[in-house]
Amino acid sequence: MATTAPTTGTSHRFQHTRRSRWWLEVGWKYPLAALIIFYAAFPLVFVLSASLDERGSLAGTQRLFSSISFENYQNLNDTLFWTWVGNTLFIGLSAAIGAVLMGAAAAYAFSRFRFQGRRTSLTGLLILQMFPQTVAFVAVFLLLISLGEVIPALGINSKIALICVYLGTALGSNTFLMYGFFNSIPMEMDEAAKIDGASHSQIFWGMIMPLVRPVLAVVGLLAFVSAFGDFILARIILVSNENWTLAVGMYQWVSDQLTARWGIFSAGTVIAALPVLVLFLALQRYIVGGLTAGSVKG
Amino acid sequence: MSTETTAPAPSTGKRADSHSRRWTGLGWGFVAKLLIMMIVNAFGVSAIMSAWNAQAWVILGASIVLLVVADWVYFSRRMLPLKYIYPGLVFLLVFQVFTMIYTAYVATTNYGAGHNVSKSQAIDAALIQAEREVEGSPSYPLAVVRDGDTIGFAISEDGVVEVGTAEEPLAEVDGAIDDSGRPTEVDGWEIVKVNELLSDQALAQEVTDLRVPVSDEADDGSLRTREGSTAKVYRSSLVWDEDADTLTDVDSGVVYTPNDRGTFVGDDGSTLPAGWYVNVGFENFTKAVTDPEYSKPLLKVTAWTFAFAILTVASSFLLGLFFALVFNDDRIRGKKTLRTLFILPYAFPAFLTALLWRGMLNPEFGIINKWFFFGADINWLGDPWLARFSILFVNLWLSYPYWFLVCTGALQSLPSETTEAAKIDGAGRWRQFRSITFPLLMVSTAPLAIASFAFNFNNFTIIYMLTNGGPRFEDTSVPLGSTDILISAIYQISGVAGGRADYGLAAALSIVVFVVVGLVSALAFRQTKKLEEF
């Protein structure tokens, strides 16, 4: 007894100090994490709850998930929502594919060929890329008015025109990201293929492109997300509501305080954000790599 | 060539990956190129032809040059690098380089409401605007006719049917008329039914806008209709004298001469509404600074733009860094899950975030007031300072995950030896952070902070979606508000989305933004020294 008592006493005290040390060094981080998660997630949980609320307004949403109904989702069918989804996908995917192809081709040329003016062109691209195209939207607007008189498909209110405007930034913003990646593929492989008798286009399509797939995915995703999130250009170029993208259309739903349709907005938000959310989280690692290499979202 | 590719290749270790042996030289690749170039040429030639028809000389010149260069690049053997760069280059030149140059040009003009066409178009517009029904003009029974997309008028004069369109003056054709003299059948044309005119708004508008010249002589006037069943002769009261460069009102005798502001001014002091754009030099720039109507709000907007961009970057960087420091700790369980949950806002589309917060911050029924302020009636987006605070808060929610990710990555790549050495030297935790971790972190994150500043400097979406730039300034008639940043101010002033258009001033402000962003980026450029990489 006499020998065990002090032992349990010290181990108790030892445990006590260990626990308080654990609390001081690690433990407090869990409540903080809970706080951050609450901060990060409550708007998202709220919009999910509002989308399931049959009353279809923000006013009714006192308690989360007080009613579960899919009325708002059904009501989406009476709007142009799915047309806008289609437009957004069409515009975003075209812009992404175009950006990937053009960026990859240019990066291939800069990485593999040595030609006059190469350094100058690269520097020029680097400088051009600094000036955001959206700031020149007045000129884009006036240009498309004039172009539309000649080629109607490239005028105001044309989705093709919007895609072309987005493609204007393909070279500037993506070439550098890809250029670095292309450089990491050893030139010896090209030379080996050349000795095999492959032409430059065969090397590009058959050898390089499959090897750089990760960077193609990142560039494509970034181009898609930036087209998805663009508002200012889409707003001024797409006039009639059957041509709108989600950003323009959903803004219209809630921009007017009196007629705001928060119910269908919430349902639309859940549908529109979910794929992007999943895609982002799944490709987290690649995107972070892409971000630190120069393209910035936030 | 095809025989060569089957020859054994030198061993590269990647033999299995190589697709080159399956390729057959001048095979389908060349065919594909030929097909694509045929499409490109067909498109280019049709663009050139319609540019010619529309008399759009700049577009005509540009399309000819682009097409010729395209053919030269793809059918010459020497232009190898350009073959890969050219497609992207075309889009870059047209939609980025040209628009920047054009912005600079527009900034020196008075392009905008009342001055939005060239001079010759303004004269045409003035002539049309001055058109009046000719007194005593007979009223012709009218049938609207159609051939494909072309709309025309068919009338009968003394039992003879005549047809004309906007381009073609009236000419005789075969046809039949009913008792009232209205054509019922017109050779080569389809008659548009009256019901259709009544039900189709767009068509009705087209018909009331249509002017069919009576003859080749412009002075004979043209046929117009108000309701689609009778046509009358209209004639412009203005006459254009090309040599004297004047417009004369034949009814009142007033002579209008052009002034250097792009407006016709009459000798009685009156002006014509149709104007054209002229070069005004640096007037737009000086107007932004000296015109009291603009200078005060623009100064506030500029100050807020800088404050917004700097505070956003600083707050989100610090919060993200703090979270990264706290949770970059191997003793925490479930780090990966926590990290994924922390960056949720970043994965949420930004425009939806802004709209969602707009609803949540609503003073009457928004949940922010209801949940966190016990139903208080706080007008988050209606008060100038609260609106600014709300924008910073929402943007913080949106951007801290980015900095959390970046700082976590940077922390993990820091060499552990340096901190260990500091520990041995007896440096405390704060000292370690201040003297070792933070400076090392700044090396990799400073360029990103500058890029983020440049991005937020033009973060139109968050401002426009959350507050529309409001609440409006009350001491000016310019449609600007307390939370407008430069780009949203440009948007409001330009009038591209409605309202009074002033492209000139908007473009001048765009140039200012370009200069600021350019300077900031040049700073980043020197920081990253990207140039040394190639």
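**View 1. The largest nonpolar core of this predicted model has 189 residues.** Those with the most contacts inside this core are A:Val138, A:Val140, A:Leu162 and A:Val219. A nonpolar core here is a set of buried Ala, Val, Leu, Ile, Met, Phe, Trp, Tyr and Cys residues joined through C-beta atoms within 7 Å; buried means that 20 or more other C-beta atoms, placed from the backbone, lie within 10 Å of the residue's own. Helix α4 (residues 81-112) of chain A gives the most to this core, with 15 residues; helices are DSSP runs (H or I, at least four residues), numbered from the N terminus. This is a predicted model, in which local features need pLDDT of at least 70 and side-chain atom pairs count only at pLDDT 80 or more, while totals for chains, interfaces and linings use all residues. Residues are numbered from 1 along each chain as its sequence is written, and chains are lettered from A and ligands numbered from 1 in the order in which they are written.

**View 2. Meet the contacts of A:Val140.** Leaving aside neighbours within four places in sequence, A:Val140 is in contact (C-beta atoms, placed from the backbone, within 7 Å) with A:Val165 and A:Leu233, and also with B:Phe95 and B:Thr99.

**View 3. Here chain A touches chain B.** In this view, 91 residues of chain A are in contact with 101 residues of chain B. On the chain A side, helix α2 (residues 29-51) gives the most, with eleven residues.

**View 4. Chain A is divided into domain 1 (4-74) and domain 2 (80-292).** These bounds come from an automatic or database domain assignment. Ten residues of domain 1 of chain A are in contact with seven residues of domain 2 of chain A.

Methods:
A residue is buried if 20 or more other C-beta atoms lie within 10 Å of its own, exposed if 12 or fewer, and partly exposed in between; C-beta atoms are placed from the backbone. Helices (H or I, at least four residues) and strands (E, at least two) are DSSP runs, numbered from the N terminus. Two residues are in contact if their C-beta atoms, placed from the backbone, lie within 7 Å.
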